[in-house]
Amino acid sequence: MRINEVTAHAFGPLTGQTLELHDGLTVIVGGNESAKSSWHAAIYSAVCGRKRGKGAPGAADARFAELHRPWDREEWKVTARLRLDDGTVLDVVQDLAGKVNCRIVEMPLGVDRSNEWTYDGSVDGSRIVGLNRKAFAATACVAQNDLLKILDDAGALQEMLSKAATSADADESTARALALIDKFKSEQIGLDRSNSSRPLRAALDAVVATMDAVRDARDARTELETRFEAATKLSDAASGARTRHAVAHAAALAATAADLTDRATQASALSAELGPDRPTSAGAHSGLVQTVAQAVFAWRSAPVPVTPTVDVDALRDELDALPALPSHDTAPAPAIKGVADTYRNRRSALDAHDNRPERSISAAHVNGPSSQELKDLAGALSRLPAAAPTATRTVTVAADRTPGLIAAGLGALLAVAGLLLSQPALLAFGAVIAVAGGSWAATRRSNSATSADPIAAKEAGDRETARSALAEIAQSYGVALDIPTLLAAITATETAEQKLAARAEWVEQRTALEAEVDAAADELARDLADRGHRSTRETAWDDWVEYEKACAVAADQQASAVRRAELQARLSSAEGTVDRYNEAVEVVAAARERLAAAARQAGAMLPDDVRTLAAQDTFDPDVLAGALDAWTEQVAADDEAAAKTAEQWTVLAGLRGGDSVEALNARAAGARKAAEAAAVGLNPAELAASPVWDPATVDELAADAADAEGTARENAGKLAEFTLSLPDVADAEEALADANAELARVRALEAVLDRTREFMTAAQERVHKEIAPALQSRLQTWLPVVTSGRYTEASVNPQSLTVQVRGASGTWRQAALLSHGTAEQIYLLLRLALVEHLTAGHDSCPLLLDDVTVHADTTRTMEVLTLLGQVAQDRQVILLTQEDLVADWARANQGGAVGKVIELDQPVPV
Amino acid sequence: MSKVRILHTADVHLDTPFTWAGHGAGRARRQAIRDTLRAVMDLAVDQHVDAVTIAGDLYEHERTSPDTGAFLADALAAAAPIPVFLAPGNHDWYGPSSLYARTTWPSNVHLFTTPRLTPVTLTDGFTVWGAAHTSPANTPGILDGFTVDRDGIHIGVFHGAERSALPREGAEKLPHAPFHASQIRTSGLHHALVGHLHTPDDATHHTYPGNPEPLTFGETGHRAAVLLEIDDHGVVRRTRHTVSHTVIHDITVDITGMTHTDAVRDAVANRTAGLAGVVRITVTGEVDPRLDVTPDRWKPDRAGIDALVLRVADLRPALDLDVIATEMTVRGQFVRDVLSASLDSDLQRRVLGTGLRALAGDTDLEVR
């Protein structure tokens, strides 16, 4: 794009003036007051125009207007003719005052193409080269002040690059944008920390608070339902209590009504029966009646005198004649009697012993040989050998004789047994058998002896000798020497010996018995003495017998003496009978007199016949008593009737209860009405089934009902109060929705800010990576030219966009820290490089430079001018200068590097 | 038997929250619902109807205000002696501690309390069968297994979802107490006066009146109280009566090309001038993302407006961003990157606006 011409219709001090510019390098030369700076601003405004927006202008815009708005007219207008790289011609009209009549018109067609190149509300020709008025000012339009800023601030160069990289806008930078995002996020979102007061925390807190409010409101509904159920129960309880009381009350009223009705009915009947007057009182003569009744009773209960039948004097004589009680034992003392019995028994035993036969046995019976001696003799005799012819014969004989011997032996044994046993029969039988047996055997033996041989003879001799000896013994014994005799003697001797032994024993026993008798006698004597019985007899037994007799005598005496008590009782009884008789006589007399007195006391009240009877001295008490009895019964009957009437009257009075019968009837009717009223609305069955409670219970039920109703009422009041205080759920939910919406807004804003930051950071990194090599490449090209080879290499950091240069020494140096002149040159080169980079792909962008070499020395000025001349080969360069050196160079190179020199010689009138 | 006239409504939703309206405006909306219910009762009196039926969701159980019970008792008593049949729904289910149980109802109100249809003789030979939801969910089909047990004309009143119409209500509508339209006749009912589906439906044998008072934007159909005349053959003739005084305005303002907030405000003001009732303004269009379209900046005068909802929707970045995108700068790169990223248009617009504002040095970086 080329700016062919610019007309300042009204701009600062310029009015209707036009500059025609060269497509290459145009040098506009003007000294002080030549309006050089105004033309610089006018050219810029003709291309870019001014921001058109509502609201107060920014400080820079205000400052621009202050400097360049014509102060003597309303109009503030510049126009320009532009020619695009493709040859299109555009006329630009910038109505800087109204900012309405601004346009870009394609010529010669006259087509308004303003809409294609607008920025901030008004047409902006810099849009054609890919910039906007801000970016154009920041890159292609270099003013003297810009250089001064670079020289004053070492960081300004980097900032300028950064801003240019951001948007080519002098006011915009990514770093600031990111800082704004961070700040905005910090302020409008903040951290999710409890101590934060920023919107995020506030929104979260609001959500929690409103959720709590919703929950509380809903809980309150639940609480309401719970309370309602409780209130319903209390209400039901109160209703039940009220019904119970109502039923009890109605039942009580019904009972009262029934009672009153019953009383009224009874009272009406009694009143009709008794009449209006109060009956006389019963028992008016009760005292007299009682006196009479007591007199009758006294008579009736008076004893009947019984005439005594016992001779009291005779009894007294008989009693006087009775002996005294004996001092002697009236019966033998048991101990003494026991001893006496012992004595008697022992005496009897002794007497019985004396009567035994042993007492008569004589000692003569034992003067001959003893039974043993006889037995020995008999034995020896029996052992004498018998005479026998042969052995056989002897045997035979012996055999023949044996039965006899055996019989003799057995007989002897039997006899001995009978003797020993004192059995005469056995003794006799044994002796007979022994004698018979011995005889038969002797016979047989003699037969055999007759037929003995010599040996037998010898034996016979020996036997005879022996026999002789035995015979002598037998003789001395006085017995015959034969077996049966011996046996009989033996038996007899043994019997005698036995008797003697029995007597000896008897004697011994008697001696013992006698001793016992004596001992008992002694004991009896002692006991009798101890009993006080004086011994007057020879033996103790006799004393005993005497003692017994004395006891019998004493017993007889005692038997007589014992009757004294009986006689005394009989006497006492007889005397009592006499006394009672006398007393009864007196009582009867008194009772008779009492009857008479009672009758007299009754006097005229008695029937005439009774009164007459009582007046007689000889009245029959029983008759009078009967008459009086009848009278008292009559009086009692009369009293009973009166009492009954009085009782009925009392009942009537009780029934009336102080009211008249009519009033009582009225009360009953009232009570029935009240009962009926109380029963209204009640369950008749429940009422009928209700017991009739006492008033205290009814009162308790009433109190219970009142309490229950009070409790229910209080609870209902609390429920109503609670209901009124219920928070509005819908309100709470809407508040929650608002809080959630606010939280969502904050969250969404946070997300937008985060995403924005991500995108912006990424864009920055990418652009820096792209712009840094471009800038570096351009610097590499131009730097040796403008520094006369002092610096040959340049480096642009893609992260920080810091610029370093180095020369032959190879040492990298911060561009911003170089000398002013070098810094100026590098700055200018960077501006040129930025223009190239930022407008790449668009029309070529003119450079509008104002005194960009004012701080450079001659050499560097020449080097810069040379560079600008080279740049002007590719893009339009408009250089405004007040330097003579530059003006001279321009004039000298016009037609060459310099396309056109415009002299602003005439000062512009102000 | 002369024709029986019944005024039917449902889904009144007293005490419902209006989260879209914002805190404060919701109260006015809830008051409007009350006014509408009163209008229904007034209509019942004016039309000399024989009965009023309210098929559930009369109120919202968990949100009842302290005086809702008293209000309802008064409002329904106003129609006395016209009987009012209440068939609780899933939002106003009947329970021992529910508002229904806590409220002392006027004598002209008949409250159904069991999920089983129970009869009430309205006139000789005309029976109203009603049922109640007794829990907020899991109420089975009220017509399942039901048949009438007497002669005459039978009208059902209950809260339930007719299955074929349910999809129209969207996914949020749950099939409480579902039924098929065919069940109405097979059960012996001549017509079912139902509630639950908010979209009006004058079907052959059942009637959904729709919520009589607008509850949100975008509601379609003539939502009203329905006056039914039922002849002695059970044939119904319906007339819909608008009972709500609320007017809903759902306005979209295209701000394409507008470069400053004043223009937006002017455009909105022009579109909303003279409007009353409930107004929702949606600003949309293609604008410079740096344009501040925060609703506070362009909200209209609220005079005459009961509830105002402002929103920015489908706002797209203006085309001149393409110019910036050509810049060889961070800004140009940023715009290029954002435009080429897979962002939804709203986020893209907001990121672009935020970034460009930050680059321009703006301190308010929130783009609505």
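Which residues does Arg127(A) touch, not counting residues up to four places away in sequence? In this predicted model, the partners of Arg127(A) come from both chains: Trp117(A), Thr118(A), Tyr119(A) and Asn132(A) on the one hand, and Val323(B), Ile324(B) and Glu327(B) on the other. Arg127(A) itself lies in a loop of chain A, between strand E9 (122–123) and helix H3 (133–138). Its relative accessibility is 11%, and Arg127(A) therefore counts as buried, the limit for that term being under 20%.

Chain A has 910 residues, of which 41% count as buried. Its secondary structure comes to 25 helices and 16 strands. When contacts with a separation of 6 or more are considered, 74% of those in chain A are between residues 24 or more positions apart. Chain B has 368 residues, and buried residues make up 61% of them. There are 9 helices and 15 strands in chain B. For this chain, residues 24 or more positions apart account for 68% of the contacts with a separation of 6 or more.

The next subject is the interface between the chains. The size of an interface is often given as the accessible area lost when the parts come together. Chain A and chain B bury about 4,400 Å² between them, and 60% of this area is on carbon and sulfur atoms. On the side of chain A, Phe228(A), Glu734(A) and Phe759(A) lose the most area to chain B, and together they provide 13% of what that side buries. In terms of residues, 54 from chain A are in contact with 52 from chain B.

Which parts of chain A each supply at least two residues of the side that touches chain B? They are helix H5 (156–166), helix H6 (174–188), helix H7 (199–274), helix H21 (695–724), helix H22 (729–786) and helix H23 (820–838). H22(A) gives the largest share, with 23 residues. Sorted by class, the side of chain A that touches chain B has 25 nonpolar, 12 polar and 17 charged residues.

Salt bridges between chain A and chain B number 5. One salt bridge joins Asp731(A) to Arg27(B), with the closest N and O atoms 2.3 Å apart. Salt bridges also link residues of the two chains into a network, whose members are Arg218(A), Glu733(A), Glu60(B), Glu62(B) and Arg63(B).

Over all chains, the structure holds 66 salt bridges. In chain A, the side chains of Arg113(A) and Glu106(A) meet at 2.9 Å, N to O, and both residues are buried. A salt bridge of 3.2 Å, N to O, joins Asp313(A) and Arg316(A). Why are Asp313(A) and Arg316(A) separated by about one helical turn? The reason is that they stand 3 residues apart in helix H9 (residues 312–321) of chain A. Asp313(A) is partly exposed, with a relative accessible area of 46%, and Arg316(A) is likewise partly exposed, at 35%. In chain B, Glu229(B) forms a salt bridge with Arg237(B), and their closest N and O atoms are 2.4 Å apart. Glu229(B) is buried, with a relative accessible area of 14%.

Aromatic rings form a further set of pairs. A pair of aromatic rings is described by the distance of the centres and the angle of the planes. There are 14 aromatic pairs in the structure over all chains. In one of them, the ring centres of Tyr100(B) and Trp105(B) lie 5.9 Å apart and the planes stand at 40°, so the pair is tilted. An angle under 30 degrees would count as stacked and one over 60 as edge-to-face. Both partners are buried, Tyr100(B) with a relative accessible area of 3% and Trp105(B) with one of 17%. In chain A, ring pairs join Phe11(A), Tyr44(A), Phe64(A), Trp76(A) and Phe136(A) into a cluster.

Key. Residues are numbered from 1 along each chain as its sequence is written. Chains are lettered from A and ligands numbered from 1 in the order in which they are written. This is a predicted model: local features need pLDDT of at least 70, side-chain atom pairs count only at pLDDT 80 or more; totals for chains, interfaces and linings use all residues. Side-chain values use heavy atoms; hydrogens and water are left out. Contact means heavy atoms within 4.5 Å. Buried area is the accessible area (1.4 Å probe) that two parts lose on being put together, summed over both. A salt bridge is a side-chain nitrogen of Lys or Arg within 4 Å of a carboxyl oxygen of Asp or Glu. Helices (H or I, at least four residues) and strands (E, at least two) are DSSP runs, numbered from the N terminus. Ala, Val, Leu, Ile, Met, Phe, Trp, Tyr, Cys and Pro count as nonpolar, Asp, Glu, Lys and Arg as charged, and the others, Gly among them, as polar. Rings of Phe, Tyr and Trp (its six-membered ring) pair if their centres lie within 6.5 Å; planes under 30 degrees apart count as stacked, over 60 as edge-to-face and the rest as tilted. Buried means under 20% relative accessible area, exposed over 50%, partly exposed in between (1.4 Å probe, protein chains only).
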